[in-house]
Amino acid sequence: MIELKNKSKIQHSKMAPRWVYAAGNSWVPFNDAANYKIEEMFRYGGEGNVHVPGLSAYINTVRLYMWQPGLRRKICRTGC
């Protein structure tokens with residue numbers, strides 16, 4: 001927070017991290033529940049399964065990829 005001379009306060013908001021995955025030429029955001037779980041894994045250097053609409057996906061936050069049966073996609077953390 002910044003305190004001004006007239007004693008009013010301004011709060012600066014920081015954009016929350018958002019995880020996205022590559023789909024062709026586009027980056028697609030994960031849903032909120034998956035995003036939250038991926039962010040938790042990232043903070044602790046983890047990896048694991050996350051439910052992505054339609055099926056479960058294996059996420060590796062160190063090597064930045066998502067694996068679904070027969071398909072490996074790049075992932076990226078944005079908004080930091």
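**Helix, sheet and salt bridges**

User: Where does α1 lie, and at about what angle does α1 run to β5?

Analyst: In this predicted model, α1 lies across β3, β5, β6 and β8. Its direction is at about 175° to β5.

User: OK, and the sheet itself, what's the strand order?

Analyst: The order is β4-β3-β8-β7-β6-β5, with 6 strands forming an open sheet and antiparallel pairing.

User: Which strands stand at the edges?

Analyst: Those are β4 (26–29) and β5 (47–52). Each has a single partner strand, so one side of each is left without a neighbour in the sheet.

User: How much twist from one strand to the next?

Analyst: The twist averages 35°.

User: Take β6 and β7. How many bridges do they pair over?

Analyst: Strand β6 (residues 55–60) and strand β7 (residues 65–68) pair over 3 bridges, in the antiparallel sense. Within that part of the sheet, I59 stands opposite M66 in β7.

User: Switching to charges. How many salt bridges does a search of the whole structure find?

Analyst: The search finds 3 salt bridges. One of them joins the side chains of R18 and D32, at 2.9 Å, N to O.

User: Which elements does that pair link?

Analyst: R18 sits in strand β3 (residues 18–23) and D32 in helix α1 (residues 32–43). They are 14 residues apart, so the pair links distant parts of the chain.

User: Is D32 buried or exposed?

Analyst: D32 counts as exposed because its relative accessibility is 56%, and the cut-off for exposed is over 50%. R18, at 27%, counts as partly exposed.

User: What about E39, which residues does E39 meet in salt bridges?

Analyst: E39 is in a network of salt bridges with R43 and R77. The E39 and R43 side chains meet at 3.1 Å, N to O, while R77 and E39 meet at 2.7 Å, N to O.

User: And where do those partners lie?

Analyst: R77 is in strand β8 (residues 71–78), 38 residues from E39 in helix α1, and that pair links distant parts of the chain. R43 lies in helix α1 along with E39, 4 residues apart, about one turn of the helix.

User: Why does E39 count as buried?

Analyst: E39 counts as buried because its relative accessibility is 8%, and buried means under 20%.

User: Are R43 and R77 exposed or partly exposed?

Analyst: R43 counts as exposed at 57% relative accessibility. R77 is partly exposed, with a relative accessible area of 26%.

Note on methods: Residues are numbered from 1 along each chain as its sequence is written. This is a predicted model: local features need pLDDT of at least 70, side-chain atom pairs count only at pLDDT 80 or more; totals for chains, interfaces and linings use all residues. Side-chain values use heavy atoms; hydrogens and water are left out. A salt bridge is a side-chain nitrogen of Lys or Arg within 4 Å of a carboxyl oxygen of Asp or Glu. Helices (H or I, at least four residues) and strands (E, at least two) are DSSP runs, numbered from the N terminus. Buried means under 20% relative accessible area, exposed over 50%, partly exposed in between (1.4 Å probe, protein chains only). Two strands pair if DSSP finds at least two bridges between them. Axes are lines fitted to C-alpha atoms, for helices over the stretch in contact, and angles run from 0 to 180 degrees between N-to-C directions. Contact means heavy atoms within 4.5 Å.
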